[in-house]
Amino acid sequence: MIVLVHGWSFTPTVWDEVRACLPATLPVTAVDLGFYGTPSALPPIEEITLAVGHSYGVMWLLRQLPPSVPLLSVNGFARFCSGDGQSGGTPVRMVERMISRLGCDPLEVLDSFRARCGVTTRESGNPDSVALTAGLRALADDDQRSALRARQTVRALACADDEIAPATLSLETFRPEQLTLLPAGGHLLPLSQPAHVAEAIQSMVR
């Protein structure tokens, strides 16, 4: 079973175009982190043959799964913010500002962030401020670099023009043999380069 996990402020629909590029015979499920409704659970760990995370979804998967489960990172990271020996991340104060604004005007925070990602549409459903705040808190505080180093099989797709997880962060996070750095595609490779993501999934399955 291939498990897909979306990033902060998104839903499983971000994977729709990737899934359309995959063979129908390939078993795939997408986890919902519950930013706009009820979250869904991971399948049993023993059934997972590959975990694929987009952005924050990579950090979430690193917390959930043992090192034996292969991981494909798409625009992902093990620590989002700079500090503690990492220079390429986002300043913590920017995430803290989003947390403080989220309580007053969640739609404005979501619209602003998603516009930086390259989308202007809103997800269906009502934003769950508790889940969204918890996600931002993890982006500010969580550090899964040791979990990433312990993982046995890792591949990463990143973009030189990603404004959310810049190339400098990807180069700090992943070893050269793990990382494919694309010249363009932004922070939403599942939408901008779905065939490339699907091929990376199939390559790891093979």
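Helices here are DSSP runs of H or I with at least four residues, and strands are runs of E with at least two, both numbered from the N terminus. You're looking at a predicted model, where local features need pLDDT of at least 70, side-chain atom pairs count only at pLDDT 80 or more, and totals for chains, interfaces and linings use all residues. Residues are numbered from 1 along each chain as its sequence is written, and side-chain values use heavy atoms, leaving out hydrogens and water.

- α3 (residues 92–102) has four names to remember: V95, M98, I99 and L102 are its buried residues, buried being under 20% relative accessible area with a 1.4 Å probe and protein chains only.
- Looking down the α3 axis, those buried residues sit within an arc of 100°, so they line one face of the helix; the arc is taken from the directions from the helix axis to the C-beta atoms.
- An α-helix has 3.6 residues a turn, so residues three or four places apart point the same way.
- The cover over α3's buried residues includes α4 (106–117) and α5.
- α3 and α5 pack at about 170°, with axes 9 Å apart; axes are lines fitted to C-alpha atoms over the stretch in contact, and angles run from 0 to 180 degrees between N-to-C directions.
- That pair is therefore roughly antiparallel, the word for angles over 145 degrees.
- On the α3 side, the residues meeting α5 include V92 and E96, with contact meaning heavy atoms within 4.5 Å.

**Helix α2 against α5**

- α2 (residues 56–64) packs against α5 (residues 129–141) at about 80°, with the axes 11 Å apart.
- That makes α2 roughly perpendicular to α5, a label for angles of 65 to 115 degrees.
- Here Y56, M59 and R63 from α2 meet G135, A138 and L139 from α5.

**Two buried loop residues**

- H187 lies in the loop between β6 (179–182) and α8 (189–192), and is buried at 3% relative accessible area.
- The H187 side chain makes a polar contact with the D162 side chain at 2.8 Å.
- Leaving aside residues up to four places away in sequence, H187 touches several others, among them H54, N75 and C117.
- V119 is buried too, with a relative accessible area of 12%.
- V119 and L188 are 69 residues apart along the chain, yet 8.8 Å separates their C-alpha atoms.
- Beyond four places in sequence, V119 touches F10, R114, L188 and L191.

Note on methods
Angles under 35 degrees count as roughly parallel, over 145 as roughly antiparallel, 65 to 115 as roughly perpendicular and the rest as oblique. Buried means under 20% relative accessible area, exposed over 50%, partly exposed in between (1.4 Å probe, protein chains only). A polar contact is a pair of N or O atoms within 3.5 Å; within protein, one must be able to donate a hydrogen and the other to accept it, and residues adjacent in sequence count only if both atoms are side-chain atoms.
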